[in-house]
Structure formats: structure tokens, C-alpha cells
Amino acid sequence: MSADEQPFPSVWTRPRRQRREQPALSREQIVSTALQLLDAEGIDALSMRKLGTRLNAGATSMYSHVANKDELIELVVDEVYGEIELPDAGDPARWRAATTHCAHSLRSAFLRHPWIVSVLGEAGMAYLGPNMMRLFESLLTAFEEAGFSLAEADQAVNTVVSFVIGVSTSEAAWLTMLARSGRSEQEWTERLWPAAEQAVAPYPRLRRLYAAQRGQDMGGAREDHFDGGLACVLDGLETRRARA
């Protein structure tokens with residue numbers, strides 16, 4: 001059955017082709033090379049033709065594993081999710097520390113592969129990928145063992161992941177722009193700051209914020225922003241858990 005004929009076209013919903021002979025090219029090789037290409041050149045550089053050139057492989061050998069570019073994106077997205085450190089659900093009392101560690105690992109994975117934020121909405125049924133399911137199962141376990149019902153755990157996991165993806169999306173876009181500019185984060189900020197301060201002059205609260213932030217280490221400020229926002233999310237979840 002071709003990808004177009006499937007009721008739900010996805011690499012995760014069609015049977016993996018069985019081959020009697022040992023193929024010269026594996027799905028794992030394809031995904032690994034695609035990930036290297038994406039990290040080096042970004043999403044706009046990804047094409048089946050360019051990938052085939054890198055692999056020194058013809059279209060037939062690739063399409064026997066991956067039906068199209070959409071399936072390839074599903075696979076590389078799940079590969080990135082495989083880099084995330086899963087929460088340790090062994091101690092229910094440490095659910096917050098376990099969630100924090102996992103959230104930082106998710107953010108780090110997205111910032112290592114900033115192209116991912118531009119394809120999350122196009123990744124088809126990426127949520128059926130084994131690595132993504134393993135991550136969500138582990139988070140659900142940590143929350144449920146901490147005292148949340150399964151429905152509450154599901155809501156908590158979606159809230160935490162949505163926060164991390166939201167912040168990481170902005171950070172990835174910022175870091176991608178910096179990489180294209182050839183300037184460091186601090187250099188770019190120092191050049192931008194006078195214009196930014198002039199723009200916020202009519203807004204007293206923004207003006208005070210910008211004045212307080214002038215000269216900050218921007219990398220450290222991003223870390224503090226993430227930690228503070230995540231703490232707000234977890235404080236809210238702790239309150240709901242205590243009420244339950």
C-alpha cells in the first residue's frame with residue numbers, strides 16, 4: 001500500500017516493508033544523514049534528491065524505506081525526541097525535580113536542532129513515533145505516581161510540554177537569526193539596545209524592564225527566563241495536586 005492510499009498517511013501507520021535480502025541502505029542510515037543535513041543547512045535544504053546524493057544512493061533504495069519527504073520529517077522529529085532524558089518516576093515525592101530535568105532536556109534538544117520548531121506543525125502523526133510515545137508515557141507515569149489522576153496527568157504533561165515548546169520556538173528563531181548574522185548574542189543585543197530603548201520610551205513599564213535588563217548576559221537571561229516560567233507552571237500544578 002502506497003503512502004497516498006493509506007487512510008492515515010504516515011510512516012507510523014503503514015507496515016514496515018520486509019526484505020529477504022540485507023539492504024545496502026537502512027532506515028537508520030537515512031534518518032541519521034537527514035538529521036546531519038538539517039543541522040548543517042536547515043529545513044530549506046532538505047530534499048530527497050540532496051539526501052540521496054549525501055548517501056550516494058538512488059531513489060529506489062531510499063523510497064523502499066521512506067515513501068516521501070513527509071515521512072522523512074516524521075522520522076527525524078522522532079529521532080530528536082529520542083535524545084530527551086526521560087523523567088525518573090521512581091520517587092513520587094520528586095516529581096517536580098524529575099519534570100524539571102526532563103523539561104530542560106527537551107529544551108536543549110530543540111535548541112541543538114532549531115529547525116525542528118518550523119516542522120512541528122507539518123510532522124504528520126509524529127505523536128505516534130516510539131520515542132515521542134516513550135517520553136509522554138514516562139511523564140504520565142511521573143505525574144500519576146505523584147498523585148494526579150490519569151486525566152489530570154495528561155493535562156499536566158500537555159501544559160509542561162506546551163510551555164517548553166513555546167519558549168524553545170522563540171529561542172530557536174532568535175539563535176537561527178544570530179547564526180545567519182554572524183554575530184554573537186551579546187554583540188547583536190548591544191547593537192539593538194539603543195533602538196529598543198527608544199521604541200519602548202512611551203511605555204513606562206516596558207521602559208523600566210529594558211533599563212533593568214541593559215548589559216545582562218543574554219544567554220544567562222534566557223536560562224533564568226526559562227527557569228522562572230517553568231517554576232510558575234509547576235507551582236500551578238502543585239496547587240492543583242494539593243487540592244486533589
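How many salt bridges does a search of the whole structure find? The search finds 10 salt bridges, where a salt bridge is a side-chain nitrogen of Lys or Arg within 4 Å of a carboxyl oxygen of Asp or Glu. Before we visit some of them, a word on what you are looking at. This is a predicted model, in which local features need pLDDT of at least 70 and side-chain atom pairs count only at pLDDT 80 or more, while totals for chains, interfaces and linings use all residues. Residues are numbered from 1 along each chain as its sequence is written, and side-chain values use heavy atoms, with hydrogens and water left out.

Let us start with the overall plan. The chain has 10 helices and 0 strands; here helices (H or I, at least four residues) and strands (E, at least two) are DSSP runs, numbered from the N terminus. Following the sequence, you therefore read the pattern α-α-α-α-α-α-α-α-α-α. Of the 244 residues, 38% count as buried, meaning under 20% relative accessible area, with exposed being over 50% and partly exposed in between (1.4 Å probe, protein chains only). The chain exposes about 13,800 Å², and carbon and sulfur atoms supply 52% of that area; such areas come from the Shrake-Rupley method with a 1.4 Å probe, and for residues only the protein chains shown count as cover. Among the contacts with a separation of 6 or more, 69% are between residues 24 or more positions apart, a contact being heavy atoms within 4.5 Å.

Now find helix 1, residues 27-41. Its 15 residues reach 21 Å from the first C-alpha to the last, close to the 21 Å expected at 1.5 Å a residue; the expected span is 1.5 Å times one less than the number of residues. Several residues of helix 1 are buried, including Ile30, Val31, Leu35 and Leu38. Just after the helix, glycine 42 takes a positive phi of about 90 degrees. Glutamate 41 meets lysine 50 in a salt bridge, 2.6 Å from N to O. Glutamate 41 is partly exposed at 39% relative accessibility, and lysine 50 is partly exposed at 32%.

Move on to helix 7, residues 150-181, and look for serine 168 within it. Serine 168 is buried, with a relative accessible area of 0%. Leaving out residues up to four places away in sequence, serine 168 touches Arg107, Phe110, Leu111 and Val117. Alanine 109 is 59 residues from serine 168 in sequence, and their C-alpha atoms are 9.4 Å apart in space. The side chain of serine 168 also reaches the backbone oxygen of valine 164 at 2.7 Å.

Which residue of helix 10 pairs with glutamate 171 of helix 7? The partner is arginine 222, and the two side chains meet in a salt bridge of 2.5 Å, N to O. Because glutamate 171 lies in helix 7 and arginine 222 in helix 10, the pair ties together parts that are 51 residues apart in sequence. Both glutamate 171 and arginine 222 are buried. The pair belongs to a network of salt bridges that links Arg107, Glu171, Glu185, Arg222 and Glu223.

Glutamate 185 is buried, with a relative accessible area of 15%. Its side chain makes a polar contact with the side chain of tryptophan 174 at 2.8 Å; a polar contact is a pair of N or O atoms within 3.5 Å, where within protein one must be able to donate a hydrogen and the other to accept it, and residues adjacent in sequence count only if both atoms are side-chain atoms. Threonine 189, also in helix 8, is buried at 8% relative accessibility. Apart from neighbours within four places in sequence, threonine 189 is in contact with Trp174 and Met218.

Step back to see helix 8 as a whole. Its 16 residues, 185-200, should span 22 Å at 1.5 Å a residue, and the end C-alpha atoms are 21 Å apart, which agrees. Helix 8 bends by about 40 degrees at tryptophan 193, and proline 194 follows within four residues; the bend is the angle between axes fitted to the seven residues ending there and the seven starting there. The buried residues of helix 8 pack against helix 7, helix 9 and helix 10.
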